[in-house]
Amino acid sequence: MAEKLKMAFLLAGGCAGCEMALVDLSDALVDALEHIEVVFWAPTVADVKYKDLEAMPDGSIDLGLIDGMIRNSEHVHMVKVMRAKCKTLVAFGACATLGGIAAMGDMHTHKELFDQAYLKTFSTDNPDGVMPTPEYLLDGKYDLTIPSFTDRVMLIDELVDVDYYVGGCPPHHDFVGKLIAAILSGNLPPKGSWLTGGHAVCDVCKRNPAITGQERMFIGEVKRMVDGKPDPDKCLLQQGYICFGPLTQGDCGASCLNVNIPCRGCGGPIPGVKDFGARCVSAIASSLKDIETTEQLMEKFPNLAKFVYRYSYTSGTLNKKL
Amino acid sequence: MEFSPNIVGFACQWCTYAGADLAGNLRCKYPPTIKLIKVPCSGTVEPEFVLEALARGADGVLIGGCHIGDCHYKEGNHKTERRMLLLSKLIEDAGFDSRRFRLEWISGAEGKKFAEVVTEFTEQIKELGPNPIKAKGGE
């Protein structure tokens, strides 16, 4: 048998949901283990330490996957180590490629974030107001450190070269299965590409009015999910529920739409879109009937930036510089 | 030296661009702060273009289109109006001053209005000062 493909997984500033998506492969993952050897999967699945990865020779790992964004100094260090050790590096999931949910924190100051996390939240019990201190001298002799917060959320490709991008929050496990098969067969696009089926969510959505030959109508009234229960067969946009399906990669098979939930763009932008939020504005505004409907939308979604940049704030045009 | 703003203008070829031509023919005076880009219709101006201009350090962005009802393509400027209304809110929500961004309807017969809009917009940007992105090492 040919030598096994060596793989490494690193969870940076994510929630481990992408790890779950890999574990959800279940049988397919077990079968794939005939062809792959997992040499590093931390800090979640395998019992290997950061120092074990650091000790491996450079370029000794065939394929590395990083999920999660870069949010603290530990991520900065480990992402660089991963790049040195892996021949091919994949930014895996919405956080690693676009910034993810936590990137919306960049619309607030660090003080607001820390106050919310350690002082203000209803469930927080912190009477002494203890805050994270990156360096601390305990009892005058023990030098204790924790990773320090970076200025803002960073994408993996801002720090190191990334060979491939995979969207999704998390990437759908069926799609992950196909990916691993493609990687094993070596059937890959040029470096720097998104690994995707290349279809928008609408292309794979069974509600698409084009399937039944219906004309697309303008949206006369904007609704939020709390305003009622959408018709499970009709296009959500046509019903007034704002959906980002038209410009999101549909590798998920329109999973959210299948359960009556509008798309929020975790799959990443379809090719040609540079700024997801701006293109959302463009696509939605041209589907709205008139200026009154547009005003209604702005009223119903008081923070538009957090709405359209739900998963992609860090990859947006303005964010990196403000 | 006094701050002279750098304004990027997107002008519809059917109206605002012709209006700018007329402003020249009429010898209207306006500050040399605007760099006009001719576009087929204000509806072709993607919000991404506006963000790109601001991210690259433009102090202001002006979009000029035909008056509502006059669009050469019937409804192009209706889309512009809706898009740019949302975009200015997006810019504001993301922490940028949306007064750096302006949408105006200027027809081919309104050379004088073109000159007035550019003068007024330049004054406004002068008050706001340079694009804060430039101070942070933007291009």
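Predicted model: local features only at pLDDT ≥ 70, side-chain atom pairs only at ≥ 80, totals over all residues.
Local features are given only at pLDDT of at least 70 and side-chain atom pairs only at pLDDT 80 or more, while totals for chains, interfaces and linings use all residues. Residues are numbered from 1 along each chain as its sequence is written, with chains lettered from A and ligands numbered from 1 in the order in which they are written.

Chain A splits into domain 1 (5–101 + 150–194), domain 2 (110–148) and domain 3 (201–321), with bounds that come from an automatic or database domain assignment. Taken over C-alpha atoms, the centres of domain 1 and domain 3 of chain A sit 29 Å apart. Where these two meet, domain 1 of chain A puts in 17 residues and domain 3 of chain A 13 residues; a contact here means C-beta atoms, placed from the backbone, within 7 Å. On the domain 1 side, helix H5 (94–98), strand S8 (149–154) and helix H8 (173–185) of chain A each bring at least two residues, and H5(A) gives the most, with three residues. Helices (H or I, at least four residues) and strands (E, at least two) are DSSP runs, numbered from the N terminus. That side has ten nonpolar, six polar and one charged residues, where nonpolar covers Ala, Val, Leu, Ile, Met, Phe, Trp, Tyr, Cys and Pro, charged covers Asp, Glu, Lys and Arg, and polar takes the others, Gly among them.

Chain A also has an open, parallel sheet of six strands, running S2-S1-S3-S5-S9-S10. Its edges are strand S2 (36–42) and strand S10 (193–194) of chain A, each pairing on one side only; pairing requires at least two DSSP bridges between two strands. Strand S1 (residues 5–11) of chain A lines up parallel with S2(A) over six bridges, and Phe9(A) faces Trp41(A) in S2(A).

The largest nonpolar core counts 130 residues, and Ala8(A), Ile66(A), Met69(A), Val281(A), Leu54(B), Val61(B) and Leu90(B) have the most contacts inside it. Such a core is a set of buried Ala, Val, Leu, Ile, Met, Phe, Trp, Tyr and Cys residues joined through C-beta atoms within 7 Å, buried meaning 20 or more other C-beta atoms within 10 Å of a residue's own. Domain 1 and domain 3 of chain A both supply residues to this core, so it lies between them.

Finally, the chains meet through 23 residues from chain A and 23 residues from chain B. H12(A) makes the largest share of the chain A side, seven residues.

Methods. Buried ≥ 20, exposed ≤ 12 C-beta atoms within 10 Å, placed from the backbone.
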